[in-house]
Amino acid sequence: MSTLRWLMAAWGANLRAALEYRASFLVQAGFMLLNNLAILAFWGVLFSRFQRIGGWTLLDVALAYGIAATGFGLTAVLFGGSFELAGLVARGGIDNWLLRSRPSLLQALVSRTRISGFGDLVTGPLLLVLTRTCEPRRIVLFVAGSIAACLVITSFLVLLGCVAFRTGQADDLALTGLNALLSFGFYPPGIFGGATRFLLYVVIPSGLMTWLPVSLMREFSARDAAGLAGGVTAFVAAATLAWRHGLRRYESGNLTAAAGE
Amino acid sequence: MRAGALAAAFAASARERLRHPIDPIGSGIFLALLLFIFAHVWSAIGAGARTAGWGVPQLVTYLLVTETVMLSTSAIHLRIASDVRSGQLGVELLRPVRYAHWELARALGVACVRVVALLAAGLVVVALLVGLPQVDARGAALGLLVMVPLAILVESTMRVLIGVLAFWFEDANAFFWIWQKGGLLLGGVLMPLGFYPDWLQALAAWTPFPLLYFEPARTVVAFDAAAAGAALARLLLWGVALQGLLLLVTRRACRSVALNGG
């Protein structure tokens, strides 16, 4: 079976499991959508008083939010295992994936789907409608930006999870790191100084997650597009290398039987 | 005996957090990040923020107080829902104290450690970023020593109530998201309610959220004895009413539990 067919089979199984409890699925996805709109309402209130903050308008924040929500939703639905890597590594719970022929990181990532991610996936297109973004070129850039955001979020979660190979416990670090990544991404880059902005591209990649995609949607530039592609590739490569390197230090938790395999 | 058991749960929970300080440290880092971001947001807005009657140091200190209330309160609803789903609830209900009060005491023990860590870390960050504002000592004492702990008690009680909904729905996360975002928006967690349009301020006034976040922070940053007194009285009323509601709801919830052995 090709890797793509295997991935489709894994995602299909996750989706069927999620849909098994229809009411729970609808409640979790629906409430996540409401949750996202409530946060955006805060920005609506702020921009009703101050029309422009750090060079951004409400439209820019809505686009950043839409890209981040769609990217986060893609991570939650397609690579939901990324949120639990730190805990799994700490407990020695990745034995099953090491025994199989598929890449262990990919298996770990697609092992779960977070149902609330479907609410995030609805948020992005809804914001496109609300902001009346209907030009095909901008919609294509929105989709590309969301995919880039998904890869950045997933890679960053993998890098944080890999810390557990060295420290044993990294759950709280992973949570704090994710919160930081998302928090910075919703605020206009213009409010931060040069050094902070640099850190937000290379250490906590909020700039890659939202700032560059929004900048491309506002005014396309080949330089920004190349910067985004290069940055995303670098983070994906770093995550893959960190996982491979971390596996050398991995200690089994003898949980193979407990996983029912 | 019951009060003694609850006090022991409170103390054990606080001791556990002190022995494993990674949790309060993580919350402290997150608070520092938020303060950093908002110090930049308010500085970028600059003159516009000042015209609303608040300087940047006041606005950042305001955020420190509101976020301290929000981040000090633990995710009790998740633990209760987990107990329901795993069947651990059957064991928990055997204790000679009410389950909801037991969970509340444990959450308050965690909050006790977190609130000190958050305020200490937050004050240092505010001082470094924008400088501490001039505040009325009476307002700071009333806000930090009375209103913030009371707000945490009310918020924790509400989270236990939300968690108890899992007795019927198996999961209470969705209800919590709505409550949390209600607090974020209508409580004025990120910015003072004075920045809101009139209709939204009027709507917020009908909810308990401003009493949990806006009023304690305003009392610290811009003390007004009459407003603080009225807010404190209303906060106390909400506290008493929610304790009564907790008793009623948990009694009903416990009756609906069906244990299947195991």
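Select helix H8 (residues 137-164) of chain B together with helix H13 (residues 214-221) of chain B: H8(B) passes H13(B) in a left-handed crossing. A crossing is called left-handed if the near helix is turned anticlockwise from the far one by less than a right angle, and right-handed if clockwise. Helices (H or I, at least four residues) and strands (E, at least two) are DSSP runs, numbered from the N terminus.

The model is predicted, so local features need pLDDT of at least 70 and side-chain atom pairs count only at pLDDT 80 or more, while totals for chains, interfaces and linings use all residues. Residues are numbered from 1 along each chain as its sequence is written, chains are lettered from A and ligands numbered from 1 in the order in which they are written, and side-chain values use heavy atoms, with hydrogens and water left out.

The axes of H8(B) and H13(B) lie 7 Å apart, at an angle of about 165 degrees. H8(B) is therefore roughly antiparallel to H13(B). Axes are lines fitted to C-alpha atoms, for helices over the stretch in contact, and angles run from 0 to 180 degrees between N-to-C directions; under 35 degrees counts as roughly parallel, over 145 as roughly antiparallel, 65 to 115 as roughly perpendicular and the rest as oblique. To view the contact (heavy atoms within 4.5 Å), display Glu215(B), Pro216(B), Thr219(B) and Val220(B) of H13(B), and residues of H8(B) including Leu142(B), Met147(B) and Ala151(B).

Val65(B), Val69(B), Met70(B) and Ser72(B) of H4(B) meet residues of H8(B), among them Leu144(B), Val148(B) and Arg159(B).

Move to chain A and select helix H3 (residues 58-78) with helix H8 (residues 136-167). Their axes are 7 Å apart and the packing angle is about 55 degrees, so H3(A) is oblique to H8(A). H3(A) and H8(A) make a right-handed crossing. Among the contact residues are Leu63(A) and Phe72(A) of H3(A), and Phe142(A) and Cys150(A) of H8(A).

Arg218(A) lies in helix H11 (residues 206-218) of chain A, so the pair ties together parts that are 158 residues apart in sequence.

Finally, display both chains. Chain A gives 26 residues to the contact and chain B gives 31 residues. The buried area, meaning accessible area (1.4 Å probe) lost by two parts on being put together, summed over both, is about 2,600 Å². Carbon and sulfur atoms give 83% of that area. The structure holds eight salt bridges over all chains, but the count between chain A and chain B is zero.

Key:
Salt bridge = Lys/Arg side-chain N within 4 Å of Asp/Glu carboxyl O.
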